[in-house]
Amino acid sequence: MDIVRAIHGALGEGLAVVYLAIALGSYLRRRQGGLPMWLVGLAHLLIAIQVIFGTVLYIRAPQVISVWHPITGYLALAALGLTVVFRNRLGRANSAALTALIVMVLVIVNVLIARLR
C-alpha cells in the first residue's frame with residue numbers, strides 16, 4: 001500500500017499543474033476550438049485514477065485522513081461534468097477552461113487538506 005500512497009500523493013500534486021495547463025491551453029486555443037479532446041481526456045483519466053487510488057486508501061485506513069479529503073476528491077471528479085453544462089453558454093474551449101479551473105481549485109484544496117493533517 002505504500003506504493004499506492006506514494007503514487008496517490010505525487011499524482012495529486014501533479015494534477016493541479018495538469019489542470020492549470022488544461023485551463024490555460026483551452027483558453028489560449030479558444031479560436032481553434034480548444035485543446036485536442038484526447039489531451040483533455042488523458043487529464044480526466046488521471047483524475048479518475050487518482051480518485052480510485054484515494055478510495056482504496058480511504059477504505060483501508062479511514063482514520064488517517066479527514067473525511068473532507070475524499071469528499072473534495074469526488075467533487076473534483078463530478079465537476080468535470082460542468083463542461084457539458086457550460087458548453088452551450090460559453091463554447092467548447094471556454095467551458096473546458098472554466099471547468100479545468102474549478103477542478104484545479106478543488107485539487108489544491110485536497111492537497112492542502114492532505115498536507116495539513
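How much space lies in the largest pocket? In this predicted model, the largest pocket holds about 730 Å³ of space.

**Largest pocket**
- The lining of the largest pocket comprises 31 residues, and those nearest its centre are His8, Leu57, Ile65, His69 and Ala114.
- At least two lining residues come from each of α1 (2-28), α2 (37-60), α3 (68-79) and α5 (92-115).
- Helix α2 supplies the largest share of this lining, with 9 residues.
- Sorted by class, the pocket lining contains 17 nonpolar, 9 polar and 5 charged residues.

**Largest cavity**
- The volume of the largest cavity is about 40 Å³.
- The elements giving two or more residues to the lining of the largest cavity are α1, α2 and α5, and α5 gives the most, with 3 residues.
- The residues that line the largest cavity are Tyr19, Ile22, Val40, His44, Leu80, Thr83, Ala96, Thr99 and Ala100.
- By class, 6 of the cavity-lining residues are nonpolar and 3 are polar, with no charged residues.

**Nonpolar surface patch**
- Helix α1 contributes the largest share of the patch, 4 residues.
- Leu24 counts as partly exposed because its relative accessibility is 48%, and partly exposed covers the range between under 20% (buried) and over 50% (exposed).

Conventions. Residues are numbered from 1 along each chain as its sequence is written. This is a predicted model: local features need pLDDT of at least 70, side-chain atom pairs count only at pLDDT 80 or more; totals for chains, interfaces and linings use all residues. Side-chain values use heavy atoms; hydrogens and water are left out. On a 1 Å grid over the protein atoms alone, a cavity is a set of points where a 1.4 Å probe fits but cannot get out, and a pocket is an open set with protein on both sides within 12 Å along at least five of seven lines; lining residues have an atom within 4 Å of a point. Grid points are joined across faces, edges and corners, and a volume is the space filled by probe spheres set on the points. Ala, Val, Leu, Ile, Met, Phe, Trp, Tyr, Cys and Pro count as nonpolar, Asp, Glu, Lys and Arg as charged, and the others, Gly among them, as polar. Buried means under 20% relative accessible area, exposed over 50%, partly exposed in between (1.4 Å probe, protein chains only).
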